[in-house]
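Subject: Handover of the structure and notes on what was found

Dear colleague,

Please find below the structure that I promised to pass on to you. My notes follow it, and I would be grateful if you read them with the model open beside you.

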Amino acid sequence: MQKIHLSLLASLLLSSVSTGVAARDVTVMISGGFKAALEKLAPQFKAETGDNIILISGPSMGKTPQAIPARLARGENADVVIMVGDALSNLEKDNWLLPDSRVELADSSIGMVVKQGDPEPNIKTDADLRNTLLQAKSIAYSDSASGRYISSHLFKKLDIEDKVKTKAHMIQRIPVASEVAKGNYAVGFQQVSELLPVPGVTFIGELPEDVQYVTRFAGAVVAKSHHGQEGKALLKFLSSTEAQNTIRATGMRSVTAELPVKQHDTVQ
C-alpha cells in the first residue's frame, strides 16, 4: 500500500512539473483598440491553456518609437501582433508575419468624450456634430487610424477643415481620453474601445453612421516567434464565439462580414 501511495505521489509530482514546463509566455504586441478586450480575456486563456500573456503596448502606425512596426524593426521580440488591419497588411507585405496566420478579430468604431462634469453635447446627426466641433474650444484625436480619419476626412466631410485647424490636435501614443480628463482639450475622438476604460471622462456616443469610420482589428503570428503554436492558439481563442461577448462589452463589434469599401480603405 505504501508503494502505491509513493507511486501516486511521484506521478502527481511529475504531472505538476510537466504542466509547469509546458506553460509558455506568449508575448503580444498590441495597439490600444483591442487591448481592453485582451486584458479581460487573458485569465480565461491562461485557465484553459496554462500559458501567460505578456502585453507590449504600442500604436499600429505612426512615428513614435513605441509603434509596433518600429518595435519589430529594432528587433524587439514578439509572438503575436494585434493591430489595425491595414497596418497589419503592411507588415505582411514586408514579411514580418508567418504566412497564413492572420485572423480577423473585431471591428471598432469612433466615438467622442468630454471631461466628466462638462456639458454633454449632441452629436446624433451630422449637423449636431458639426455644430459641436465649431463650438468646442479645442479638439483632440489620436495618431492612429481613427485620428487620421478625423483629420483628413471627417473635417472635410463636415466642411469645417479651415475653421478647426488651429484648435485640432493630434495626441501621440497616450490615450486621447486621458488628456480630455485633465482638461487639456474640450472634446476627444478615438476608437470607442480606447475611450471607455479611461476614468474622468463622459462618453458622448459614436459618430453618426454616415460619417463613421470602422477600423478592422486583426492579429497574426510573428515570423520569428518563439512560441508560434501558442500564438496561433491565442488567435483562435480570441476569434471564437465564447470570446465575443467580452469583446463587445469593451465597445467593439464582432466580425460578421467584410467591411464596406469606404471603411476598408487605408487612411493616409
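In these notes a residue is called buried if its relative accessible area is under 20%, exposed if over 50%, and partly exposed in between, using a 1.4 Å probe and the protein chains only. By that rule, 47% of the 268 residues of the protein count as buried. Please keep in mind that this is a predicted model, in which local features need a pLDDT of at least 70 and side-chain atom pairs count only at pLDDT 80 or more, while totals for chains, interfaces and linings use all residues. Residues are numbered from 1 along each chain as its sequence is written, and side-chain values use heavy atoms, with hydrogens and water left out.

The overall picture

The secondary structure comes to 12 helices and 10 strands, where helices (H or I, at least four residues) and strands (E, at least two) are DSSP runs numbered from the N terminus. A contact means heavy atoms within 4.5 Å, and of the contacts with a separation of 6 or more, 78% are accounted for by residues 24 or more positions apart. The accessible surface, from the Shrake-Rupley method with a 1.4 Å probe and, for residues, with only the protein chains shown as cover, comes to about 13300 Å², of which 52% belongs to carbon and sulfur atoms.

The sheet that contains E10

Two strands are taken to pair if DSSP finds at least two bridges between them. An open sheet of five strands, with mixed pairing, has the order E2-E1-E3-E10-E4. Strand E2 (52–57) and strand E4 (103–108) stand at its edges with a single partner strand each, so one side of each is left without a neighbour in the sheet. From one strand to the next the twist averages 20 degrees, with axes fitted as lines to C-alpha atoms (for helices over the stretch in contact) and angles running from 0 to 180 degrees between N-to-C directions. E4 and strand E10 (residues 215–221) run antiparallel and are joined by five bridges, and Ser 108 stands opposite Thr 215 in E10. Helix H10 (residues 228–238) packs on this sheet, where it touches strand E1 (25–30), E2, strand E3 (80–84), E4 and E10, and its direction makes about 150 degrees with that of E10.

Within strand E10 lies Gly 219, which is buried with a relative accessible area of 0%. Not counting residues up to four places away in sequence, Gly 219 touches Val 81, Ile 82, Leu 88, Ser 101, Arg 102, Val 103, Leu 105 and Leu 235.

The sheet that contains E6

Another open sheet of five strands, also with mixed pairing, has the order E7-E6-E8-E5-E9. Here strand E7 (168–171) and E9 stand at the edges, each with a single partner strand, so one side of each is left without a neighbour in the sheet. The twist averages 30 degrees from one strand to the next. Strand E6 (residues 139–142) and strand E8 (residues 187–191) run parallel and are joined by three bridges, with Phe 189 in E8 as the bridge partner of Tyr 141. Helix H6 (residues 145–157) packs on this sheet, touching strand E5 (110–115), E6, E7 and E8, and its direction makes about 125 degrees with that of E6.

The nonpolar cores

A nonpolar core is a set of buried Ala, Val, Leu, Ile, Met, Phe, Trp, Tyr and Cys residues joined through side-chain atoms within 4.5 Å. The largest has 39 residues, and Val 28, Phe 34, Leu 38, Val 81, Ile 82, Leu 234 and Leu 238 are those with the most contacts inside it. A second, separate core of 22 residues includes Leu 158, Ile 160, Leu 207 and Val 211.

Some loop residues

Gln 212 has its place in the loop between strand E9 (201–206) and E10, and is buried, with a relative accessible area of 1%.

Asn 95, in the loop between helix H4 (85–93) and E4, has a positive phi of about 65 degrees although it is not a glycine, and is exposed, with a relative accessible area of 64%.

With best wishes
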